[in-house]
Amino acid sequence: MPIANAIHTWALWHGLSAPFAKMAPKTICIDANDAVKPPRKGREMTKLVAYFSATGTTEEKAQQLAKLIGADLYKIEAALPYNRLDLDWMNRDSRATMEMRDWSEKPDIADHEADFSGYDVVYLGFPIWWYTAPTLIHTFLDTYDLSGKQIKIFATSGGSRIDRPLKDLRRLFPDLTIVDGKLLNKDLSEVIAEQA
């Protein structure tokens with residue numbers, strides 16, 4: 001990726017304008033200093049990385065991201081945890097397959113009492129299932145009011161792109177400000193190296 005495009009992509013991911021990106025070529029690295037946005041109303045923007053991870057892959061990326069951008073971390077968990085058989089995508093009768101087939105049957109989340117009112121930006125992560133976000137993410141977004149916050153999607157995937165999950169979530173939750181999305185399949189240090 002040419003450096004100008006990398007800078008522009010980084011700037012958009014962090015809610016900055018393209019002119020800022022052209023003025024600050026060192027901002028292509030994804031680290032804690034780069035992720036700090038200008039103060040708003042006399043205070044620093046507060047960030048949260050909220051994620052669902054069934055096998056640990058997305059959790060690893062969420063932990064890396066939270067550390068790099070200086071964000072708090074919140075794990076979205078199903079009230080009934082998924083086991084290996086639940087996640088068998090080759091089995092048409094597995095729990096995950098049936099949930100993804102019928103979006104009206106949303107699994108319940110374990111926590112209904114979290115307080116996200118103090119966050120301006122929420123990085124929302126999940127593995128892509130059946131080309132889109134798991135229905136557990138729908139439950140999370142139905143349960144908690146994230147209106148007025150910037151929501152930045154990140155996902156892990158064995159081959160799917162981020163486009164469809166973004167489109168689906170924006171259609172299902174039109175009142176939310178879903179500003180961007182990225183696949184984080186590689187180690188974030190590799191992403192930084194590629195953009196340098």
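The structure is a predicted model in which local features need pLDDT of at least 70 and side-chain atom pairs count only at pLDDT 80 or more, whereas totals for chains, interfaces and linings use all residues. Residues are numbered from 1 along each chain as its sequence is written, and side-chain values use heavy atoms, with hydrogens and water left out.

An open sheet is formed by 5 strands in the order β2-β1-β3-β4-β5, with parallel pairing. Helices (H or I, at least four residues) and strands (E, at least two) are DSSP runs numbered from the N terminus; two strands pair if DSSP finds at least two bridges between them. Because β2 (72–75) and β5 (177–183) stand at the edges with a single partner strand each, one side of each has no neighbour in the sheet. The twist averages 20° from one strand to the next, with axes fitted to C-alpha atoms (for helices, over the stretch in contact) and angles running from 0 to 180 degrees between N-to-C directions. Strand β4 (residues 150–156) is joined to β5 by 6 bridges, and Gln-150 stands opposite Thr-177 in β5.

Helix α4 (residues 57–69) packs on the sheet, touching β1, β2, β3 and β4 (contact: heavy atoms within 4.5 Å).

The largest nonpolar core has 34 residues. Such a core is a set of buried Ala, Val, Leu, Ile, Met, Phe, Trp, Tyr and Cys residues joined through side-chain atoms within 4.5 Å, buried meaning under 20% relative accessible area (1.4 Å probe, protein chains only). Its largest share, 4 residues, comes from α6.

Conventions: Buried < 20%, exposed > 50% of the residue type's maximum accessible area, 1.4 Å probe, protein only.
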